[in-house]
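Here are my notes for someone opening this one up for the first time. Have a look at the picture below, then go through the points in order.

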Amino acid sequence: MENKSLVSIAELSKEKILYLLEMARLFEENPNRKILDGKVVATLFFEPSTRTRLSFETAANRLGARVIGFTDPKVTSSSKGETLKDTIMMVSNYADIIVMRHFLEGAARYASEVAPVPIINAGDGANQHPSQTMLDLYSIYKTQGTLENLNIYLVGDLKYGRTVHSLLMAMRHFNPTFHFIAPEELKMPEEYKIYCRQHNIHYVEHTDFNEEVIAGADILYMTRVQRERFTDLMEYERVKDVYILKNSMLASARPNLRILHPLPRVNEIAYDVDNCDKAYYFQQAHNGLFARQALICDCLGITMDEVKNDKTILV
Ligand code: CP
């Protein structure tokens, strides 16, 4: 069987991204099916998660698959010294596909090279989070009606935030203008700015975050300051509350503005934003179910035609 892993969003062509978004739309129409009957999906989470793990597991369950896995490596034999390679080889004996989150950058790539079954990267350190990007793209498309020519403002921890790294790579196909809003300590890393220049992605950098700055945004993508990635916790304390979005800052916002956040949030979006019609982060997380149904099916070799002609839909 061809190993159709998803390790990095950079591997996906524009056509493939649009194909997966269309498949997600079909799953949103009918999320309850038996198209994965007989399959086993493993979710291996070496780092904490709420949305990613539960939405992958819900995606699998709603399509008729069974789910195995762990949420804490301390309860597995990796705590006895078993290597990642051996863990992956073992789980491949039991499951048809592995969804893995790991604290090490490059762990998903390594797993995909040793595993006989597909690997979906559910986040590797500060590197990539491609399934998050697919649900982000789906959310952007649903709210803006297009992915083309948008002004996307990324706010907060652009250094360690893997979701923003994946998103800017995916958007290279759609002529975006990015605004990177971060304090000096959390600026977008040089390697991603080089990527932007190589792919003709326009970007502007800011350190101020206020009503005037965000007035031009179509998408305001807030991020959490990633405490777990800091080696110096004093530095975390200095920057953790540097930007807090409040409802009052949205007075000059465009009518089509939508606020996204991969979640979890800590302080960076005040609760008074939640009831604003521009807040979309909870619906965004809901969209993750459909995007991840599409990803699991695609990695298992299930085609769009099979999804369209699926007779297993449960009503
Ligand atoms: N967005 C995201 O990755 O959330 P979790 O860490 O809860 O999975």
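**Notes on the model**

1. Let's start at Phe230. Setting aside neighbours within four places in sequence, Phe230 is in contact (heavy atoms within 4.5 Å) with Asp157, Tyr160, Leu186, Val225, Glu235, Tyr236 and Val239. Phe230 is found in the loop between β8 (219–222) and α9 (233–239); helices (H or I, at least four residues) and strands (E, at least two) are DSSP runs, numbered from the N terminus. Phe230 counts as buried because its relative accessibility is 9%; buried means under 20% relative accessible area, exposed over 50%, and partly exposed in between, with a 1.4 Å probe and protein chains only. Tyr243 is 13 residues from Phe230 in sequence, and the two are 18 Å apart in space, C-alpha to C-alpha.

2. A word on the ground rules. This is a predicted model, where local features need pLDDT of at least 70 and side-chain atom pairs count only at pLDDT 80 or more, while totals for chains, interfaces and linings use all residues. Residues are numbered from 1 along each chain as its sequence is written, and side-chain values use heavy atoms, with hydrogens and water left out.

3. Now the overall layout. The protein is divided into domain 1 (9–128 + 288–308) and domain 2 (130–284), with bounds that come from an automatic or database domain assignment. Taken over C-alpha atoms, the centres of domain 1 and domain 2 are 25 Å apart.

4. How much area do domain 1 and domain 2 bury between them? It is about 2300 Å², with 60% of it on carbon and sulfur atoms; buried area is the accessible area (1.4 Å probe) that two parts lose on being put together, summed over both. In terms of contacts, 31 residues of domain 1 touch 27 residues of domain 2. The rule also finds 4 salt bridges across this interface, a salt bridge being a side-chain nitrogen of Lys or Arg within 4 Å of a carboxyl oxygen of Asp or Glu.

5. On salt bridges in general, the structure holds 20. Lys142 pairs with Glu28, with the closest N and O atoms 3.0 Å apart. Glu190, Lys193, Arg197 and Glu205 are linked in a network of these bridges.

6. Some pairs are worth a look for how exposed their partners are. Glu228 bridges to Arg224 at 2.8 Å between the closest N and O atoms. Glu228 is partly exposed because its relative accessible area is 45%, whereas Arg224, at 16%, counts as buried. Lys187 and Glu184 also form a salt bridge, the closest N and O atoms being 4.0 Å apart. Here Lys187 is partly exposed at 28% and Glu184 is exposed at 55%.

7. Back to helix α9, where Arg238 is found. Is Arg238 buried or exposed? Arg238 counts as exposed, since its relative accessibility is 55%. Asn210 is 28 residues from Arg238 in sequence and 19 Å from Arg238 in space, C-alpha to C-alpha.

8. Last, the surface. Ile68, Met89, Met90 and Tyr94 make a nonpolar patch of about 360 Å². Patches are made of residues with over 30% relative accessible area and no salt bridge, joining like charges within 9 Å and nonpolar side chains (Val, Leu, Ile, Met, Phe, Trp, Tyr) within 5 Å; accessible areas come from the Shrake-Rupley method with a 1.4 Å probe, and for residues only the protein chains shown count as cover. Helix α3 (residues 84–94) gives the largest share of this patch, 3 residues. Met90 sits in helix α3 and counts as partly exposed because its relative accessibility is 37%.
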